[in-house]
Amino acid sequence: MRNNMLRLNSGLVFVFLLVATVSTFAEPLPVEGNSWLKKMVLAAHKTDYSGTFIYQSGNYVETSRITHIFDGVNELERLEGLDGERSEIIRKNGQVWCYLGDRMVLAAKQEGARTFPALLPEQLSLLAENYVTSPGEEIRVAGFQAHSIIFQPRDKMRYAHKMWAQSDTGLLLKAVVLDEHSHVIEQYVFTQLKIGGDIDRKWVSERKAAGKNIVENFDSNANGRSRPSESGWLVYALPAGFKKITEVTRRMRDNQGLVAHLVYSDGLAGISVFIEKLRDKTAVKAGFYSKGVIQVYSKMLDENLLTVVGEVPAHTVMQVAESVRYGGHQ
Amino acid sequence: MKQKISILMDGELTAEETELLLGKIKRHPEARKDWQDFHLIGDALRQPDFVHKDISAAIFERLKNEPTVLAPHNKRNSKAGYFAMSAVASIMAIAFLSWLSVQIDTVPLHQQVLQAKIDTHQPNLPVNEQINDYLLAHQEFSPSTDMRGASSYIRTVSYRQNGAGQ
């Protein structure tokens, strides 16, 4: 099995090299695509907007409202589900709160939060290595003129993406993820959107979101907090085109132990590897979970629980999960 | 051996054990038959529209016993000819189906295992209690969050709405 995997890998590497070589000659550098991407990332962080969008994956459809404000220093954002039970996410730079039952819980807090990650040059070169970027049609989305970009993967380790950005600001209006048979896996599209102008800041205030009867639970000091670290865990057969972006140690809600979190990216899709010492093995169900473009795979690795999360096909997640080993010294 | 195969299909064997057992299945036709039978039972229990069954052996047996008729065609007996044609068509169809099932069987075993593992997921299967935490933590660093901000958290929000993992 392992041999087959290696053979498959070297085969993929060969095909990848071939494609890379051919494409180097075949097309000019996708400068235009890159500049659109930069524009989109910048717009996502710096634009004030408020609108309603539809998210669909398989038979599942959901409507949500989003408000985003950038005051020149801080980014404030609120995502609110409009269907079914109340669901809410509040984000302030690197801090994320989510509404759970009757209280807001701090879900993530990055120390020395990257308030403005933007698109790094190496990320752009990764993207060019793994995807063929080409401009698509110009079309109207949610009442705005939009410019579309297609990201076609160079191998089967990742999905194809198509994005529609507003022509003036570059704000993402619609995004579709497609599998290798060009079937839509998930899509996201604004149905109503207000860009810039007078957006009520109350929409994104934490207190307002939390409501009156809410116990504030922000001070649970260690919750969700992460810091850079080196755990010694390695992914030996990392799928071609992915690079390690960062590694942090974090505490998660309902879990007292530390969790090592390794992050990989191919420029467009991310893979997270979580490893934690397990206290109660009976509470754990190893297995596979899939939601739209996201695949989650959990399994036991000696005394540890390994969980791989990624916006990539199931076999890519499996390849990562099967090749995680401890390579450090303690 | 049967028990081991059953455990393998539940996805509870370690990687080393899996490799060992798959080797055995490849070498022993009996084990291979058990493997196929278990899958058939599993398929039948899940009550799908179609149940995969390897019928090629039975068809080849029947074909062997079929007499080969070399007599010239009798124009008067056009009805019999019609039936003969439809019989041939049916046999062709069955042969094609069995060929299809043979094709399916030739998928390498390790791929079948991977497939079996992947197919076990259900929309609401909780990997464990903390799946939403993992999704939240993942979004924090995911490039998609850079592109569309908090709306990429929709995958975690909608997950909770399904009530899974609670």
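In chain B, residues 24 or more positions apart account for 52% of the contacts with a separation of 6 or more. The model described here is predicted.

Chain B is made up of nine helices and zero strands, and its elements follow the order α-α-α-α-α-α-α-α-α from the N terminus. Of its 166 residues, 35% count as buried.

In chain A, A:S265 is part of strand 16 (residues 255-265). With a relative accessible area of 3%, A:S265 is buried. Its side chain reaches the backbone nitrogen of A:G267 at 2.9 Å. Beyond its neighbours within four places in sequence, A:S265 is in contact with residues including A:L126, A:F242, A:G270 and, from chain B, B:P143.

Over all chains, the structure holds seven aromatic pairs. Two of them are set out below.

| Ring pair | Distance between centres | Angle between planes | Class |
|---|---|---|---|
| A:W233 and A:Y326 | 5.2 Å | 70° | edge-to-face |
| A:F274 and B:Y134 | 4.9 Å | 45° | tilted |

The pair of A:W233 and A:Y326 is edge-to-face because its planes stand at 70°, where the class requires over 60 degrees. A:W233 lies in strand 14 (residues 233-235) of chain A and A:Y326 in strand 21 (residues 324-326) of chain A, so the pair ties together parts that are 93 residues apart in sequence. A:W233 is buried, with a relative accessible area of 13%, whereas A:Y326 is partly exposed at 34%.

For A:F274 and B:Y134, the planes are at 45°, so this pair is tilted. The pair crosses between chains, with A:F274 in strand 17 (residues 270-277) of chain A and B:Y134 in helix 7 (residues 131-141) of chain B. Both A:F274 and B:Y134 are buried.

Chain A also contains a cluster in which ring pairs link A:Y49, A:F53, A:Y188 and A:F190.

Note on methods. Residues numbered from 1 in each chain as written. Chains lettered and ligands numbered in written order. Predicted model: local features only at pLDDT ≥ 70, side-chain atom pairs only at ≥ 80, totals over all residues. Heavy atoms only, no water. Helix = DSSP H or I, 4+ residues; strand = E, 2+ residues; numbered from the N terminus. Buried < 20%, exposed > 50% of the residue type's maximum accessible area, 1.4 Å probe, protein only. Contact = heavy atoms within 4.5 Å. Polar contact = N/O pair within 3.5 Å; in protein donor to acceptor, adjacent residues only side chain to side chain. Phe/Tyr/Trp six-rings, centres within 6.5 Å; stacked < 30°, edge-to-face > 60°.
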